[in-house]
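Me: I have a structure open and have not looked at it before. Can you walk me through it?

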Amino acid sequence: MRRDWYNEHEMNPEEVAEFAARIGANISRAITARPAVLENLLVAWLAGGHVLIEDYPGVGKTALARALAASIGCECSRIQCTADLLPSDITGANVFNQLTGRFEFRPGPVFANLVFVDEINRAPAKTQSGLLECMQESRVTVDGSTHELAQPFLVIATQNPIDYEGTYPLPEAQLDRFMVRISLGYPEASAEANMLTEHAAGDRVLELRAVSDVEDVRSAQGAVNTVHASEAVCRYVVAILARTRADTRAEIGASPRAGLMLLRAAMARAALSGRDHVLPDDVQALAAAVLSHRLLLAPGAGEAEGAGLITDALNAVPAL
């Protein structure tokens, strides 16, 4: 049976909103990111979901992940993916100890609260599969023995969508483990000019100090579980999923697990806003980030049509 690792005292939604705002403000000291991007990152973190950052080189994917790690005061590790990376390099392995004459388990980098996986699509499929159990069940099985991971546990992975040489596209099962997929995009001209001035002296992320600890994170995530999602909101989510499945632009629409992820993220956004209940607005704000990477589009359909599919589903389903 999995242990209950939440604090006896959980934050209320107002405290969660203040706590998340403090984390967001600290990240913004070092990184220039659009409010929607920062909100999606914080929502996934509060909901206990994993994050895939997909964008062009040089827009701050790695820096954003490092800034979150520096702000939350948890144990962090980094995995730089390469073509020769092995599953045991991620999960750990049993190593023979000559002094004791026994095999001992040596934990891999996934045994941390926040695991940053850089350029995940550079790891071969066999190595990517080593993350599946970690991300879904927060545990690792090596040579028949199961090892529980630290809690809270969050994976932030990055990938470059235009680099195909020496890469291995993530299969649908792997993509489905990520709660949200976000893209930073290019900053506005004024913000980019300020960034050049501020970062000319060095890496601003290195200057960040933690403004929380692991107990705060556990308490905030526990508070998300208390947010109320009415039956009407649940039916609204199901209706959106059904609409994506009926759209001819999608070969396979959003799955029931996609609905669970969307509802869980909406609960976190409600807490982030200081509310104890979910609104349709929460679902609408997160639908694209949660569902876009879970749709298998019909042959010939591009990403723009996938985004239009989600928008059309939201427009077609009345918010009850």
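What follows is a chat about pockets, helices, cysteines and a few backbone details.

Me: What kind of model is this, and how are residues numbered?

Reply: This is a predicted model, in which local features need pLDDT of at least 70 and side-chain atom pairs count only at pLDDT 80 or more, while totals for chains, interfaces and linings use all residues. Residues are numbered from 1 along each chain as its sequence is written, and side-chain values use heavy atoms, with hydrogens and water left out.

Me: Start with the largest pocket. What volume does it have?

Reply: The volume of the largest pocket is about 1200 Å³. A pocket here is an open set of points on a 1 Å grid over the protein atoms alone, with protein on both sides within 12 Å along at least five of seven lines. A volume is the space filled by probe spheres set on the points, and grid points are joined across faces, edges and corners.

Me: Which lining residues are closest to its centre?

Reply: Glu54, Arg181, Ser292, His293 and Glu303 are the closest, out of 46 residues that line the largest pocket. A lining residue has an atom within 4 Å of a point.

Me: Which element gives the largest share of that lining?

Reply: H13 does, with 6 residues. Helix H13 covers 303–316, and other elements that supply at least two lining residues each include helix H2 (35–47) and helix H12 (280–291). Helices (H or I, at least four residues) and strands (E, at least two) are DSSP runs, numbered from the N terminus.

Me: And how does the lining split by class?

Reply: The lining of the largest pocket has 22 nonpolar, 14 polar and 10 charged residues. Ala, Val, Leu, Ile, Met, Phe, Trp, Tyr, Cys and Pro count as nonpolar, Asp, Glu, Lys and Arg as charged, and the others, Gly among them, as polar.

Me: How many cavities of 30 Å³ or more are there?

Reply: The count is 1 cavity of 30 Å³ or more. A cavity is a set of grid points where a 1.4 Å probe fits but cannot get out. The largest cavity holds about 60 Å³ of space. Its lining divides into 8 nonpolar, 3 polar and no charged residues; among them are Trp45, Gly48, Ile72, Cys74 and Pro152.

Me: What about the span of H2?

Reply: The 13 residues of H2 should span 18 Å at 1.5 Å a residue, and the end C-alpha atoms are 18 Å apart, which agrees. The expected span is 1.5 Å times one less than the number of residues.

Me: Which helices does H1 pack against?

Reply: The buried residues of H1 pack against H2, helix H3 (61–72), helix H9 (214–224) and helix H11 (256–272). In H3, 9 of the 12 residues are buried, and glycine 73, with a positive phi near 70°, follows that helix.

Me: Switching topic: how many disulfides are there?

Reply: The search of the whole structure finds 0 disulfides, a disulfide being a pair of cysteine sulfur atoms within 2.5 Å. The sulfur of cysteine 74 is 6.4 Å from the closest cysteine sulfur, in cysteine 76, too far for a bond. For cysteine 81, the nearest cysteine sulfur is that of cysteine 134, 12 Å away.

Me: Are those two, cysteine 74 and cysteine 81, buried or exposed?

Reply: Cysteine 74 counts as buried at 13% relative accessibility, and cysteine 81 is buried at 2%.

Me: Where is proline 152?

Reply: Proline 152 is in the loop between strand S7 (145–148) and strand S8 (154–159). A cis peptide bond, with omega about 0°, joins glutamine 151 to proline 152.

Me: What is phi at aspartate 143?

Reply: Phi of aspartate 143 is near 55°, which is positive in a residue other than glycine. Aspartate 143 sits in the loop between strand S6 (139–142) and S7, and is exposed, with a relative accessible area of 65%.

Technical notes. Buried < 20%, exposed > 50% of the residue type's maximum accessible area, 1.4 Å probe, protein only. Contact = heavy atoms within 4.5 Å.
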